[in-house]
Amino acid sequence: RRYGLTVEELVREFGVTKRTVYRDLHLLDQIFPLEKLETAEKTSYRIPETLRVPLPAFDPVSLVLTPAD
């Protein structure tokens, strides 16, 4: 998301506690710096543009699933 996610949004999105979100944000920030966007109303976090990788386009209809052995 362009403007990042708040802790509350991450809690709802992943069904975890605030403590888990803060712990995971701290761990992620040690791997690569997260952007912390603060306004008077909220604080949100996001991965910097320079670290984002575009996903290749694909046609889901053309995917072939094979059973595992």
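Contact means heavy atoms within 4.5 Å. This is a predicted model, in which local features need pLDDT of at least 70, side-chain atom pairs count only at pLDDT 80 or more, and totals for chains, interfaces and linings use all residues. Residues are numbered from 1 along each chain as its sequence is written, and side-chain values use heavy atoms, with hydrogens and water left out.

Q: Which residues does L5 touch, not counting residues up to four places away in sequence?
A: L5 touches L10, T43, S44 and Y45.

Q: What makes L5, V7, L10, V21, L25, L34 and Y45 a nonpolar core?
A: A nonpolar core is a set of buried Ala, Val, Leu, Ile, Met, Phe, Trp, Tyr and Cys residues joined through side-chain atoms within 4.5 Å. Buried means under 20% relative accessible area (exposed is over 50%, partly exposed in between; 1.4 Å probe, protein chains only). These 7 residues form the largest such core.

Q: How do you know that β2 and β3 pair?
A: Two strands pair if DSSP finds at least two bridges between them; strands (E) are DSSP runs of at least two residues, numbered from the N terminus. Strands β2 (residues 35-38) and β3 (residues 43-46) have 4 bridges, in the antiparallel sense, so they pair. K36 stands opposite Y45 in β3.

Q: What makes β1 and β3 a pair?
A: Their 2 antiparallel bridges meet the cut-off, so they pair. Here T6 stands opposite S44 in β3.

Q: Why is one side of β1 and of β2 left without a neighbour in the sheet?
A: The open sheet has the order β1-β3-β2. β1 (5-6) and β2 stand at the edges, because each has a single partner strand.
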